[in-house]
Structures are given as C-alpha cells and as structure tokens.
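Let's take a walk through this model together. Keep the 3D view open and follow along as we go.

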Amino acid sequence: MEVQLKSYKKDFEYSYTLGVFPTLELLNFQRDKVIEVVLSSDAMENEGVIKIIDICKENNIKCEINNKAINRISKKQNSYAIGVFKKYNMDLDMDKNHLVLVEPSDMGNLGTIIRTMLGFGIKNLAIIRPAVDIYDPKAIRASMGASFKISFEYFDSFQQYMNNFDHNIYTFMLDAQESLKNINIKKDKPFSLVFGNEGSGLCSEFSDIGTSIIIPHSNEIDSLNLSIAVGIAIYEFTK
C-alpha cells in the first residue's frame, strides 16, 4: 500500500492515530494493521514513546522520527506519536448486545460514545449511513483508541441492519412509549439500543419499531447531548 504522510482524507485506504496513548492502543489491539509509526524528536524521553519504540522493534514495525510529517498530519494538535494503519472491515457479533447510531454527524461525540460503550461492556457498534467516518483521526483520538477494541459495521439503512440481526430493539426518542425509569428489559435475546443523530434524533417512523424509550429530565433543557444520553442508557441496560 502506498502511503503519503499528509492530512487525512476519507477516501484514503489508511488512517492515523494522533497521540501516544491511541498509538499504543493501536499497537496492542490491531497490530497487524499497522503500516508504520511516526515520532516527534521532542518526545524521545516520553515513557509512552519508549514503549512504542520497544513494541515496534520487537515486531519489526517501521518506526521513524519525522517532525515534518507529524506537523502535516496533526496540524496544531502537538502529537508526539502517530500510528499509520490500514483500514479494516468488521462484522458484528450476532449473539451480543449492540449500540446502533443512526446518521451520527459529530466525530467528537462518536469517539466519546465508543469509549463509553466499551467501558460498560458493549463491544458492537452499528452505524447507519449517511454518517461520520469512524476512521477519521479526530474520532479515533476522541475515543482514546477504544475504537481498536470494538467491532463496528456500517449499514446503508436501519432496515438493512434489522435484516441481519434478530435483537430486541429499543429506540430512544422524545416522543416515546416508555420511560427509562420503568423499562422492563427483555432477556430472551440480545438488545440493540438505537439513537438518532445530534441534531434531529430519530424520526417518527422509529416509534413503531421495538420499544421506544425516553430518558426523563427536567424541563430546564430541551434534550440531552447524544453522548450523555447514550451513557445513561448503556448504564441502565448493563447495570
């Protein structure tokens, strides 16, 4: 694969980690996808960078100091390390619980959500297009490398997702049938927690799919941030 160390574009066949910790997560959990690692000359005494160098040496992974490439790729984010890796496809586990994001549009929220779902033991993420790019370095950085520990899969529609998985569906909406406080979680098969995007949420047609749920909050706000709502829901469903 020909790699040009320049600012990320969605049509690249590869992407980057920005920072020491996400790069370590890449090396620890998706090592076979690593193309090379680029380091800053200012970071040779950094403990994490020393670990990166050791892992690269042990596994014959190309590792070079290249300040110009660091600056081109990370711009103003002052990254000490950048991992360059091949994009890869994942399949979701049929018998595990899923989080489903319908048309998510914010890379920061996506990264935070991935880190949160992993923290509560959910490792399968379905993303319904059109959607933000999970491989964007900003999303990977926001996840702190947690994206390398989950399975994720894109679908062209929610119907396509449902055709592939027989789960109990719970849709989170402001106009919902049930309150999260009172929900009876079915145990006969895995669940899928479904959320809409940051701006409009789920459209009304989702009201008739599975069980719709509202997360009650005070009338001082109109809605919760998506990543906060996902965190609350996952906690309740996994506690």
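Start with Asn168, which touches Lys186, Asp188, Lys189, Pro190, Phe191 and Ser192, leaving aside residues up to four places away in sequence; contact here means heavy atoms within 4.5 Å. Before going on, note that this is a predicted model, in which local features need pLDDT of at least 70 and side-chain atom pairs count only at pLDDT 80 or more, while totals for chains, interfaces and linings use all residues. Residues are numbered from 1 along each chain as its sequence is written, and side-chain values use heavy atoms, with hydrogens and water left out.

Asn168 sits in strand S8, residues 168-172. Strands (E, at least two residues) and helices (H or I, at least four) are DSSP runs, numbered from the N terminus. With a relative accessible area of 7%, Asn168 is buried. The cut-offs, with a 1.4 Å probe and protein chains only, are under 20% relative accessible area for buried, over 50% for exposed, and partly exposed in between. The side chain of Asn168 also reaches the backbone oxygen of Lys189 at 3.5 Å.

Now move to strand S5, residues 98-102. How many of its residues are buried? The count is 5 of the 5, so S5 is largely enclosed by the rest of the structure.

What runs alongside S5? Strand S10 (residues 191-195) is parallel to S5 and joined to it by 4 bridges, with Val100 standing opposite Val194. Strand S6 (residues 124-128) is also parallel to S5, again with 4 bridges, and there Leu101 has Ile127 as its bridge partner. Two strands pair if DSSP finds at least two bridges between them.Together with helix H4 (residues 107-119), S5 and S6 make a right-handed β-α-β unit: with the strands pointing away from the viewer, the path from the first strand over the helix to the second runs clockwise.

Helix H7 (residues 226-238) comes next. Its buried residues, among them Leu226, Val230 and Phe237, pack against S5, H4, S8, S10 and strand S11 (211-214). At 1.5 Å a residue, the 13 residues of H7 should span 18 Å, and its end C-alpha atoms are 18 Å apart, which agrees. The expected span is 1.5 Å times one less than the number of residues.

Finish at Glu25 in helix H1, residues 20-29. Glu25 counts as buried, at 8% relative accessibility. Glu25 and Phe148 are 123 residues apart in sequence, yet their C-alpha atoms are 6.9 Å apart in space.

Conventions. A polar contact is a pair of N or O atoms within 3.5 Å; within protein, one must be able to donate a hydrogen and the other to accept it, and residues adjacent in sequence count only if both atoms are side-chain atoms.
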